Amino acid sequence: MGKLTREAVVERALEIGDAEGLQAVTIRRLAQELGVTPMALYWHFKNKEQLVVGMADHLIEDFEITPDGSRPWQEQLRELVGRLVRVLRRHPCAEAVLEEVDKMEVPAFLRVWDTALGLTLRAGFGARESCLITRYILQGAIALAGGSVEHRGCGPEGERAERVRLKRVRFQSLPPDTYPNIVRMAVPLTERGDAELYDTFGVDLLLSGIESMAARLDG
């Protein structure tokens, strides 16, 4: 085996996290998987906390949006959020990784946040509003990328279908006098929808409110 790189360690950690969950990612497990001693990994990451930061940075490192003064801020903000969702959706463990780390330690995430702040300031929002808006949309993008079990498609097809069936039965078994709408919509609530539509609708939901607020500022 050649020289063990930081990138190789992080990529294997993400593979384990995607398949088994972030709790399965440990220094000892990684050392076994990569055929090295745990001490070899300590050259790159002193502990799991540093490893998870490295995983978070790797998730977003290829994500790059350069602010363009000639394009509408609305278009660029939608592009930023939509692309972030698509980048994170590649890894089922992304939401868990980003929720566990201190994002101040993740340079790639800070670059995305800085770009989002610039776009909201350009829209006419003040500093405090821009901070609130960007926190909401970035956290919303992370949640969208995680999605629900139905939309993420985790596990074998048979297992997914059985989870959906059981969930539907639970909804349909609720007291109809107390929860009439849930019972009536048990099928659409549990059916597996189109992932692209799910993401597009979610981004629209996040951004339409911001655009409406910005329009009131102009008025």
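The model is predicted: local features need pLDDT of at least 70, side-chain atom pairs count only at pLDDT 80 or more, and totals for chains, interfaces and linings use all residues. Residues are numbered from 1 along each chain as its sequence is written, and side-chain values use heavy atoms, with hydrogens and water left out. The chain has 13 helices and 0 strands. Helices (H or I, at least four residues) and strands (E, at least two) are DSSP runs, numbered from the N terminus.

**Overall build**

- Along the principal axes, the C-alpha atoms fill a box of roughly 60 × 50 × 25 Å.
- The chain has 219 residues, and 36% of them count as buried. Buried means under 20% relative accessible area, exposed over 50%, and partly exposed in between (1.4 Å probe, protein chains only).
- Among contacts with a separation of 6 or more, 67% join residues 24 or more positions apart. Contact means heavy atoms within 4.5 Å.

**Surface and charge**

- The chain exposes about 12700 Å². Carbon and sulfur atoms supply 54% of that area. Accessible areas come from the Shrake-Rupley method with a 1.4 Å probe; for residues, only the protein chains shown count as cover.
- The chain carries 28 positive and 33 negative charges, and their mean positions are 3 Å apart. Lys and Arg count as positive and Asp and Glu as negative; His and the chain ends are not counted. Each charge is placed at NZ of Lys, CZ of Arg, CG of Asp or CD of Glu.

**Largest pocket**

- The volume of the largest pocket is about 170 Å³. A pocket is an open set of points on a 1 Å grid over the protein atoms alone, where a 1.4 Å probe fits, with protein on both sides within 12 Å along at least five of seven lines; lining residues have an atom within 4 Å of a point. Points are joined across faces, edges and corners, and the volume is the space filled by probe spheres set on them.
- The lining consists of R78, E79, G82, R83, V85, R86, E196, D199, T200 and V203. The elements that give two or more residues to this lining are α5 (73–89) and α13 (195–218).
- Helix α5 supplies the largest share, 6 residues.
- D199, one of the lining residues, is found in helix α13. D199 counts as buried because its relative accessibility is 10%. Not counting residues up to four places away in sequence, D199 touches V85, R89 and L144.

- L77 lies in helix α5. Its relative accessibility is 0%, so L77 counts as buried.
- Beyond four places in sequence, L77 is in contact with A116, L119, T120, I137, L207 and I210. L77 and L119 are 42 residues apart in sequence, yet 6.7 Å apart in space, C-alpha to C-alpha.
- T115 is found in helix α7 (residues 107–122). T115 is buried because its relative accessible area is 12%. Not counting residues up to four places away in sequence, T115 touches I65, P67 and L80.

**Loop between α10 and α11**

- P175 is found in the loop between α10 (157–172) and α11 (180–184). P175 counts as partly exposed because its relative accessibility is 42%.
- P175 and E15 are 160 residues apart in sequence and 42 Å apart in space, C-alpha to C-alpha.
- Y179 is found in the loop between α10 and α11. With a relative accessible area of 38%, Y179 is partly exposed.
- Y179 and L30 are 149 residues apart along the chain, and their C-alpha atoms are separated by 47 Å.
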